[in-house]
Amino acid sequence: MRRTAVAATALALCATLAATSCSSSSSSSKGGGTFTAILTQIDSKAPINPYNQSTNSFRGYNAMMLGWSKNTATDPNKFYPAIAKSWELSPDGTKLTVHIQPNAKWSDGKPVTGDDLKLSAAVAYAEGGSAFAAIPGTAGGTVDVKVIDDKTVEFDQNATKPLNTWFANVMTMYVLPAHVWSAQVPSDIWDTIHTALTGSAADAKTAQDTITALGKKLIGWGPDKDVSAGPFTLTRVTTSEALLTKNKNFYDADKIAPSQVVIKNYQDNSTIVNLLLKGEIDGSVYVAVSQSQLDKILAVKGNQVVSGASPVQASLVFNESKKPFDNVHVRRGLAYLIDRAQVTKVGESSSGKASPYPAGLTAAQIQGWGVSTSGLNAYSVDTAKAATEFQQAGLKQAGGKWTLPDGKPFTVPIQTTSDFNDWTSGASNVAAQLQAAGVDAKVTASSDYATYLADLAAGKFTVSWWLTALGPSAYNIYQRLYGAANGWTLGTGGGVAHSAAGQSGNWMGEAESADVSGLGTVNPGELTNQLSQVPPDQQKQIVAKLAAFTNDQVPAIAMWDYVNQNFVNTNRFTGFPPNDADVLRQPQGVWMQLGYIKAKAK
Amino acid sequence: MRNLLVRLAGHLVRALVMIWVVATFTFFLIRLMPGDPVAAQYEKLVQQGMSPDAARNATRLTYGFLPTGSGWDQYVHYLWRLLHFDFGRSTQTLGVNASAEVLTGAKWTIGLVLAGILISFALGTVLGVIAAIRRSSGVGDALTITGSLFHAIPQFVMALVLITVFTVIWPVFPTDGNVDILVDPGFNGPYVASLVSHASLPALAYALSMFGSYLLTMRSSVISVLGDDFVLAAELRGLTRTMRLRYIARNALLPLFTIFALTIGFMFGGAVFIEKAFNYPGMGITLINSIGHRDYSTMNATFLLITAAVIVANIVADLLYTAIDPRVRRGGEAVA
């Protein structure tokens, strides 16, 4: 009996080991049918709801928008078709007519109609989409959505306060299946929305509260079974992976090569690097890796990197409410002391390029907007110019060390966060360079990014990292420098108000306006606000002015422009987009929709 | 029987008090943490390409799931909800119950912890007996040194060693996750095999980092028991070696139950390191993510579940102690 038990146990162990080895090998020989991607954090409890921050609705795969932004540096209104096959925008930009893909169907076979778009717009109001604010008189707000016919829908913007960002905001609306979602949305939702927008003050307030409550209810809801108009539908999800299966009803199903997509959880960089080193990932979103890691990844058979410009820049930003950093000469002097190429080499060697000019724009954005570089100061390393600037600020040099006018040491405290290695390494290099130039610089790291952001917003830091140039729209780009963080707040009805340093989230503490040689008195917040309202040709002039202002006033020293680095593997699929393609700034599901990614011939 | 019930009632009262203390402590400790969940979420959305206005609107919803009111009001509200087993809503996965978030991870962690405890306990006790009986030989010395060595290696180092050996140098086990998603779920061979293969290394990491303490304790316990009169009596009565070993092992096992109970708490705590290393989606990963997002509800729920697990394990161990040790069962009376 005992012998039998031992034998049975041994057999079970052998079977387990055999099955284990089968399982391991199967994952490495998935063939050309399954595309493995890394996109975002996965949460198996998350609803299939694109509005939830943790969602099992993946943009470009089973979540569809009206269009896919090309994210071009100069025109945020350029889109690839998605659910909208085509569209017309009225000359004044207040009326958008969308034509739905004639063959668009949901995965359960029902056609995508105008009613789906109208219901989607109602949900967008509840979830607070920027083009769908249920507040009367909102600049750039949608005031009506009309179903013209089954395949045509008209969106109307608030004509009294139009914004040029409205079109892009509408086009990035998620399209939801009305026959699935309508049970969650009151049938009189459009009456409520209209009351919120046009009713008396009391009625509007009640309606807004109703819509807010609906938003809170809807955000945690999702259907049990995925119904998608995208190229894939969610089959199942575990706590570390999601499996999506090709949607045969997708309007461009012929373009979609993979029969399945596995999306792996984006836990941390080291996990992704390990997967890349095993050659298991067919397409990954941007991953920050060191040069040595990059070399190892590219040494793996089939691994390649496709890269393009990224509308993101890492900058050291000053808190100008702290002395002596309120003095522009101090900021300029520091800019002259820092070799940004060296900082980039240390901090972001594999996926960063030293920013050519501290102007609030990446190199690609400067080129795209046609900003004349002849008028911009590159702040190349020049200790003599730095000394001149420091002396103009009243700083003194004694024994090779710079001191404040009162004789105390001139100290530059640089704050970083342990969460980002590139920032920490970069900050250490900046400190070393400044110390070599006689400036007492020290680096302190916050324990994590959440703590860093909270302390940053509280104005606790003096010099700290900040992501700038976050485009693609020029308005978004300069909002990072001349938005709420620097005291300028856009009212819902348009117009901009400025808060003093330390109030209403103003942690940068810059003065409301400054005199700049050749430009006169400039209020950068007002100019930034105008960027959301004027046509592209006028935006170009404002961008040039803001670039010059930023370059002169140096509220931040741009260190490097990030490079949008996507890892792909050509062992199972080919036909990836080329370097610098605008589609690289969209998920791989969108690449597939646009005809990229083909199964490799065996 | 009455003694047992009184004992159990005492345990339950103490457990409830302990849970209340931990709930109170973690409630305030978590809220003292620096970091703003709304700011973190806003930044994340902007960096994902959302316009500042849209990100501001989207994060506005988060406020609806954040606790409001004074600290005391929040505390009273929290305790009231706790009495109804309501841990609140997650701000990480907006609107989803925090308890659902935690329980999803908990089932995987409990599986790993149980597997790790069973393997380490079995390995540790058997090798501990051998190390004690053959304490004067090379085998005994080797086992003692091995036990000390493994006992000294932290769990996360053990995890990294296993990852390097079994997924990089000799890639026979999967790198991460709890199951291969391409395998159809259900009670079928491939799915079970996939579960086992994914859990093997994390469970082994638990087991290898814990068996050393069982081995060393069992060894010293057996050596101590070997000198007892009943062992000599058994030998004089001519009992077989196997019978004598059984006597010795049963008596020597008693101190291990104390360690056993403590180990459970240690292993739940270790889940943070081991699950992070293997990207194994248990409670440890849930806790790490909730801390990163400053998801107070999920953090509270995770800490409480870990506390409850440790308390329950201690009660169970204590009751088992009663069952296996007649002296405890009889309230300390001498056994006739």
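In helix α2 of chain A, V123(A), Y125(A), A126(A) and E127(A) meet I211(A), L214(A), G215(A), L218(A) and I219(A) of helix α6, where contact requires C-beta atoms, placed from the backbone, within 7 Å and helices are DSSP runs (H or I, at least four residues) numbered from the N terminus. The residues of this contact comprise seven nonpolar, one polar and one charged, with Ala, Val, Leu, Ile, Met, Phe, Trp, Tyr, Cys and Pro taken as nonpolar, Asp, Glu, Lys and Arg as charged, and the others, Gly among them, as polar. The axes of α2(A) (residues 114–127) and α6(A) (residues 201–219) come within 7 Å and cross at roughly 100°; axes are lines fitted to C-alpha atoms over the stretch in contact, with angles from 0 to 180 degrees between N-to-C directions. The two helices are therefore roughly perpendicular, a label covering 65 to 115 degrees.

The model is predicted: local features need pLDDT of at least 70 and side-chain atom pairs pLDDT 80 or more, while totals for chains, interfaces and linings use all residues. Residues are numbered from 1 along each chain as its sequence is written, and chains are lettered from A and ligands numbered from 1 in the order written.

Turning to the meeting of the chains, the contact takes 50 residues from chain B and 55 residues from chain A. On the chain B side, the elements giving two or more residues are α2 (37–47), α3 (52–63), α5 (98–133) and α8 (189–226). The residues of that side divide into 23 nonpolar, 19 polar and eight charged.

Terms used
Contact = placed C-beta atoms within 7 Å. Parallel < 35°, antiparallel > 145°, perpendicular 65-115°, else oblique.
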